[in-house]
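Here are a few exercises to work through with the model open beside you. Try each task before reading its solution.

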Amino acid sequence: GFLPTDNLVTRLHGLDYAVFYGGGFLPRPAGGAASGQVPKAAFPTYTFSVSKGGGLKLALPIQGIPVGLGLMGAARAVGTVTISDAATYGIDGASLLRRVHHWYDGSPEIGDTLAAMVRETGSPIYLRVINRVYVAKGLDVSLAKADSLLGGADAGAAQPVALPDLSGSDPEQVKKAGEAYREALSALSTTLNTGAAAAPGGSVRFTQATSQAVSLRQTFAEPLVVGYVGFDLRVDGNGRLSAPIPSFSVLSGDSTDADFANRPAVAFCEATPLSARYQTWLLATGTPEGKNANWTAAREWLDAEGWTRVDPLDLKTNCLLRPLLAKARAKFAF
């Protein structure tokens, strides 16, 4: 249900997947390099409905459904889809966010361009950062007839294959019928995978075909991306990036989007001697809950500087606020 991304802005390089997956989750060879394997993924089976001439409103490019309707002589059918061969790979959000800010800070033109886009559109824009994708190499699809076509007209291309009758009491005849049935399924699959009906970059194989139900398996030569997880960064009128916002909040119109968007961006980094001295000074007169004098002074200074949404402790942990931390040092001499 995620909306498509409108414009690919950049690809972030230098992501260390080997380190992310190398902590015992995946096997590693003796040399210590990443094995190249990625975790398997599983999805629930979902259903859909289809009708002759109604078009296919499916999230995945499934071939063979019109042919299946024709084989059953059906005007309508209900189907199920199982993503049977899926995997996933990704990277942690913290390191990816650091790479985003490294890219953003690498060129002043980036912020200027984003600001111009906000002014041009007159509405908020977001950078969507994809940190995990789900890929599939195979689909199992089943169709069951929901209604019959009057006169037995075909939906899709007519197939010159007669399906044999497997009923009967003579074992030899049933055996021959079974062999003929397999040949018929092979012929159907061959027809579907040649010519104009062929699935690009993959193949379709019928696994069952009767007058009431059709099953097929579709494989993709290359893994097909079927989903992703990410976070959004809202761009303000000056081209600055907000704190990370869950993508689903933006897409669902969640009111928390506005709250996230008004917070400064966060890029956590390791402590420095200066940030350690700041923390010691900040807590020297007690805890914030105990009317800490230093905390109160920092809070009032930040408000006066226009940083009303910055927590005083953020100056210690947020790399993007290090210039502000330097100003605080000059102000409070810690």
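**Exercise 1.** Which residues of helix H3 are buried?

*Solution.* Start with the list: Ser-95, Leu-96, Leu-97, Val-100, His-101 and Tyr-104 are the buried residues of H3. Buried means under 20% relative accessible area, exposed over 50%, and partly exposed in between, with a 1.4 Å probe and protein chains only. This is a predicted model, where local features need pLDDT of at least 70 and side-chain atom pairs count only at pLDDT 80 or more, while totals for chains, interfaces and linings use all residues. Numbering runs from 1 along each chain as its sequence is written, and side-chain values use heavy atoms, with hydrogens and water left out.

Next, take Leu-97, which sits in helix H3. Leu-97 counts as buried because its relative accessible area is 9%. Its C-alpha lies 8.3 Å from that of Val-129, 32 residues apart along the chain.

Helices (H or I, at least four residues) and strands (E, at least two) are DSSP runs, numbered from the N terminus.

**Exercise 2.** Find out how Tyr-278 and Phe-334 pair up, and what the pair ties together.

*Solution.* First, the geometry: the rings are 5.3 Å centre to centre with 55° between the planes, a tilted pair. The rule is that rings of Phe, Tyr and Trp (its six-membered ring) pair if their centres lie within 6.5 Å; planes under 30 degrees apart are stacked, over 60 edge-to-face, and the rest tilted.

Then the location: Tyr-278 is in helix H8 (residues 273-282) and Phe-334 in the segment after helix H11 (322-332), so the pair ties together parts 56 residues apart in sequence. Both residues are buried.

Finally, zoom out: ring pairs join Tyr-278, Trp-281, Trp-301, Phe-332 and Phe-334 into a cluster.
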